[in-house]
Amino acid sequence: MSIEDLSQRTGEPAEELQRWQALGLIGDDYDDIRDAERIRMIQFARRRGILPETIATRTGDQGDVLATFVDLLTDIAGKRESHTWNDALAATDIDEPFARRMWTAAGRGDQREIFDDDMAALTWMQRARSAGFPDDAIIQLVRVYTDALGRIADAENRLFHYYVHEQFRRDGITGRALLDATSSVSQSLVGLVEPALLYFHRKEWERALREDMILHLMEEATGEPPLVPGRLTVTTMFIDLASFTTLTAAMGDEAGAQVLDEFSDVVRQHAMQSDGKIVKQIGDAFMLVFDDASNAITCGLAVRDAEAAEPDRPAVRLGAHTGDVLYREGDYVGINVNIAARVAALAHRDQFIVTDPVRAAAGETAAVQYVAQGPQRLKGIDEDLHVYNVTRTPADDTRVGAG
């Protein structure tokens, strides 16, 4: 392979590659896969404002800082042989419009080449299509995989950096010794990543299969399937901490993160116990869905009581609404989700606000009372909604910390 070949593969001018060669960043004896990956790493660093000269200086101080990352990318990520786009389409018998759509959904827009693992992915996607799985469903699944696993991969690497690499630095290890120590630990952990992913996927697959069984058992009760795939009726709930921003400003980010960590455990515990699903967490705000509105009431009251029982913890705010939503890419969308979010915004400290549809779907129980808050006009909603503050009845002593 010549430097002109590397230039064509990576899009970097040959003259610039020769300059990088003079800096010692790429060698004279070209290895098509490894050197191309080194060039892509340097290009990525340059886009982030780190010049090749800076990388060369670090290499002189610490050793080849690129080598460990290149080894991981080429040996573990499966980048051993590259293919052209046309060759990949022909080999996998897949049409270009779908392949391009998948490539975009997978976030591969910056990848110029097709590698063996990409070919395998195109092959199993085509098999899924041949088996009758619709293109739109495949694209949604690809987006979910990309977003979820992107977050996982980011956490794996950042947590390693913050808790292992930076601990070595705090211990006074520098230079080549720092690179060697970090690489040693990294190499011993890399083999654990995919078994961990497989384990957690299997556990969540078990839960998802049980949920799917419920869908099958309820089919006759729900009548004909909806014309729009993914339309279903759920109770959507939003939970957040009141004045969390103010608290973090007063206590500091580290203390605020600790509060959020404890709050996250409370929400997840009671969501699980009430057969609820956490759809997403953004900061201190959680979105959950429940097939059964009464379970949403149980979960909301349990979260509120658990937080109230802890001293020096911020109050919570909760809101819920029941109605039809659309399931898309692992998320739930539609006007009824928006209503739930706006109902939650009505809540004050330690209030759990629900709409009339939630009350009707959950039914009346002796342990729960619904205190009318009067009709409310929500932004973007034409009709007033009757909402209620959900509380436990005075005689109910089942709350956390009671007595």
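At what angle do helix α2 and helix α3 pack, and how far apart are their axes? Let's start there. Helix α2 (residues 14-22) and helix α3 (residues 32-47) pack at about 95 degrees, with axes 12 Å apart. Axes here are lines fitted to C-alpha atoms, for helices over the stretch in contact, and angles run from 0 to 180 degrees between N-to-C directions. Helices are DSSP runs of H or I, at least four residues, numbered from the N terminus. So α2 and α3 are roughly perpendicular to each other, a label for angles of 65 to 115 degrees.

From α2, Glu-16, Leu-17 and Trp-20 make the contact (heavy atoms within 4.5 Å), and α3 brings Ile-39, Ile-42, Gln-43 and Arg-46.

A quick word on the model: it's predicted, so local features need pLDDT of at least 70, side-chain atom pairs count only at pLDDT 80 or more, and totals for chains, interfaces and linings use all residues. Residues are numbered from 1 along each chain as its sequence is written, and side-chain values use heavy atoms, with hydrogens and water left out.

Next pair: helix α4 (residues 52-62) and helix α10 (residues 175-217) pack at about 90 degrees, their axes 6 Å apart. That makes α4 roughly perpendicular to α10. Thr-59, Gly-60, Asp-61 and Gln-62 in α4 meet Gly-175, Arg-176 and Leu-179 in α10.

Now, charges. Side chains of opposite charge can pair when their charged atoms come close. A salt bridge is a side-chain nitrogen of Lys or Arg within 4 Å of a carboxyl oxygen of Asp or Glu, and by this rule there are 19 salt bridges. One of them joins the side chains of Asp-95 and Arg-129, at 2.7 Å from N to O. Asp-95 lies in the loop between α6 (85-92) and α7 (96-105) and Arg-129 in helix α8 (residues 116-130), so the pair ties together parts 34 residues apart in sequence.

Terms used: Helix = DSSP H or I, 4+ residues; strand = E, 2+ residues; numbered from the N terminus. Parallel < 35°, antiparallel > 145°, perpendicular 65-115°, else oblique.
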